[in-house]
Amino acid sequence: MLISELAETPEPGSAEPACAQDVVDVASLHGAAAQALALAVSALDAAERGDLNPATRALARATELLGTLVGDESVHDRVQISIWLGFGASMIERYQDALSHFSRALPLARRAKNSLWATRILVGLSAAHCCLGRLGEAAAHAALAAEHATTLGYDPLKEVAYAAQARAALLAGDREAVLHAAGKARRLATAVHPLTWNDPRLLFAEAELLEGHPRRCIELLLDIAEGPQLLAAPAIIRPEIYELLVRASLIEGHAQDALLWAEHAGAAVSSSGLTGSTGFAHLAHSQALLPAEPDAAATTARAAADALNRANRHVESARARVVAGRALAAAGQHEQASTEFERAASLFDVRGTRRTRDEALAHGARLTPDAPTIPPASGLDLLSRRETQVAEQVIRGRTNREIARALSLSPRTVETYLARVFTKLNASCRARSEERRVG
């Protein structure tokens, strides 16, 4: 009854549907399990509409009631409630809570030998890990979901499982894996259904952009979201969709369209106020500003990176750092740009996104500050500022891990810099590098 009534839910900012509260009240007469399930469903709906306070209250109360359910006879209820709570918590950026709900439900689903439940839970776990930038865990859970869905032979579940695999690969920068998994998901695409958070069709649109078809990406997004206002999309994810529209428009060469989408993103974020949504709105705006106003773009991109970092969207925060670096480079602030690229590379490295890490480092390597061309550089003069800092740490006898902590880098990024240092100094090891410095 509740799910049926919520299909007619009004837009964010309007009153919470009285019917939803009525169903919750009626459910309370039938015990804690019924009440908890009704609260969890209504919380997810409120979250999708951007009504955070009622969503948060309902999730808290449902979680409290869930804790009172014990015994084998309540397994079905506990799994169902936990699934709803997991997706609801993800919607309001409480990803750790989501992981707790899904992780608690998974062994129960396995004990009940219910592969349908297990697959939905694994997709939820993959999505939450993706948001947190834990891409190894995300990929592993998505692969298990695909195995379960394949065994079941149920196409709608296979679609979302393959899409989960594509999402993890997308964040990891693995283009070939994205297109392979997204292609499998798309071939299984089911009939038209309401647009939801983590919807496979959003992944399909981004895959079109990866394949070099920005116009198809834009058309698909506007089709599934029913127009430029994205009225069919949950309010909570509109800024993220607008950010994708900005990227597609810029690739297409339509800077004015990109600015328009960025304005829409700013307007959309006011209805939710979530930190991550705010970060995506800033990221959209910074990219739209970059061609004509690099200074403003850099400031906005840094704000995006900070907001996305606070929301624990670390991969997206690193993307914002790259935009900030590009903007600073365009504004002629090469040293600050190099710092942003290095911060991005370190974030990508920690998250296991080596391809995007290397791209960020390549951006920094292309920055060449103005300097006399004679006399030719030799010895430490060949090194960049950061390479010099790393080399000095080596000379002090510090390990890669100690250097990483001292310079706020990841150990892998330190290894990358060291390889460059050794190449430029024609040294094959730490000892040789120190000998050249002493000499």
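Which residue just after α17 takes a positive phi? Gly 332 does, with a phi of about 85°. The model described here is predicted. The protein chain contains 23 helices and 0 strands, and 51% of its 439 residues are buried. Among contacts in the protein chain with a separation of 6 or more, 60% join residues 24 or more positions apart.

**Helix α17**

- Helix α17 covers residues 314–330, a run of 17 residues.
- From its first C-alpha to its last, α17 reaches 24 Å, close to the 24 Å expected at 1.5 Å a residue.
- This helix is mostly covered, with 13 of its 17 residues buried.

**Packing of α12 with α13**

- Two packed helices are described by the angle between their axes and the distance between the axes.
- Helix α12 (residues 214–224) packs with helix α13 (residues 238–252) at an angle of about 150°, and their axes are 8 Å apart.
- Because an angle over 145 degrees counts as roughly antiparallel, α12 and α13 are roughly antiparallel to each other.
- The crossing in which α12 passes α13 is left-handed.
- On the α12 side, the residues that meet α13 are Pro 214, Arg 215, Cys 217, Ile 218, Leu 221 and Leu 222.
- On the α13 side, their counterparts are Ile 241, Leu 244, Leu 245, Ala 248, Ser 249, Ile 251 and Glu 252.
- By class, this contact of α12 with α13 comprises 10 nonpolar, 1 polar and 2 charged residues.

**Packing of α11 with α13**

- The axes of α11 and α13 come within 11 Å and cross at roughly 20°.
- Since angles under 35 degrees count as roughly parallel, α11 is roughly parallel to α13.
- Helix α11 passes α13 in a left-handed crossing.
- Leu 202, Ala 205, Glu 206 and Leu 209 in α11 meet a set of α13 residues consisting of Ile 241, Leu 244, Arg 247, Ala 248 and Ile 251.
- The contact of α11 with α13 has 7 nonpolar, no polar and 2 charged residues.

**Ala 207 in α11**

- Ala 207 lies in helix α11, which spans residues 200–210.
- The relative accessibility of Ala 207 is 8%; because the cut-off for a buried residue is under 20%, Ala 207 counts as buried.
- Leaving aside neighbours within four places in sequence, Ala 207 is in contact with Leu 179 and Ala 182.
- Ala 207 and Arg 167 are 40 residues apart in sequence, and their C-alpha atoms are 9.7 Å apart in space.

Terms used: Residues are numbered from 1 along each chain as its sequence is written. This is a predicted model: local features need pLDDT of at least 70, side-chain atom pairs count only at pLDDT 80 or more; totals for chains, interfaces and linings use all residues. Side-chain values use heavy atoms; hydrogens and water are left out. Axes are lines fitted to C-alpha atoms, for helices over the stretch in contact, and angles run from 0 to 180 degrees between N-to-C directions. Helices (H or I, at least four residues) and strands (E, at least two) are DSSP runs, numbered from the N terminus. Angles under 35 degrees count as roughly parallel, over 145 as roughly antiparallel, 65 to 115 as roughly perpendicular and the rest as oblique. A crossing is left-handed if the near helix is turned anticlockwise from the far one by less than a right angle, and right-handed if clockwise. Contact means heavy atoms within 4.5 Å. Ala, Val, Leu, Ile, Met, Phe, Trp, Tyr, Cys and Pro count as nonpolar, Asp, Glu, Lys and Arg as charged, and the others, Gly among them, as polar. Buried means under 20% relative accessible area, exposed over 50%, partly exposed in between (1.4 Å probe, protein chains only). The expected span of a helix is 1.5 Å times one less than its number of residues.
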